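Colleague: I would like to learn how to read this structure. Please start with the terms.

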Amino acid sequence: MQAGSTSAAVSLRSLLIDDSNRIPDIAVTDITSDSRKVRAGGLFLACGGGTQHGLEYVADAVAANVAAVVWEPAADHGAPELPAGIVGLEVPELGAQVGAI
């Protein structure tokens with residue numbers, strides 16, 4: 001699935017490499033790191049940037065009914081508080097993995 005694609009749902013577990021089985025097997029229909037392009041049922045990737053962090057835009061993603069938020073930890077940002085029903089996962093070095101996702 002390419003970022004922004006809505007042609008078919010894909011398992012969140014299949015997108016992220018993690019041997020701990022902590023990743024729920026939910027379907028996501030879209031993948032983006034741009035909160036302005038989040039679609040209902042999608043996956044929002046909150047990565048660190050040059051001057052801002054995607055964690056600053058999690059509320060926008062939640063408002064768009066995202067299914068899951070995956071974030072890169074940051075010293076100046078805590079883990080986001082997500083409503084029930086939205087999966088949240090912290091993934092160290094997420095920015096380096098975005099191309100593979």
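Modeller: Buried means under 20% relative accessible area, exposed over 50%, and partly exposed in between (1.4 Å probe, protein chains only). Helices (H or I, at least four residues) and strands (E, at least two) are DSSP runs numbered from the N terminus. This is a predicted model, in which local features need pLDDT of at least 70 and side-chain atom pairs count only at pLDDT 80 or more, while totals for chains, interfaces and linings use all residues. Residues are numbered from 1 along each chain as its sequence is written, and side-chain values use heavy atoms, leaving out hydrogens and water.

Colleague: Which way do Ala68 and Val70 point from strand 5, and which way Val69 and Trp71?

Modeller: Ala68 and Val70 point one way, Val69 and Trp71 the other, and all are buried.

Colleague: In what order do the strands form the sheet?

Modeller: Strands of a sheet pair through backbone hydrogen bonds, either parallel or antiparallel. Two strands count as paired if DSSP finds at least two bridges between them. Here 4 strands form an open sheet in the order 3-4-5-6, with parallel pairing. Strand 3 (31-32) and strand 6 (87-90) are at the edges with a single partner strand each, so one side of each has no neighbour in the sheet. Strand 5 (residues 68-71) is joined by 4 bridges to strand 4 (residues 43-46), where alanine 46 is the bridge partner of tryptophan 71. Another 4 bridges join strand 5 to strand 6; there, valine 70 has leucine 89 as its bridge partner.

Colleague: What is leucine 16 in contact with, beyond its neighbours within four places in sequence?

Modeller: Contact means heavy atoms within 4.5 Å. Leucine 16 is in contact with Ile23, Val70, Leu89 and Ile101, leaving those neighbours aside.
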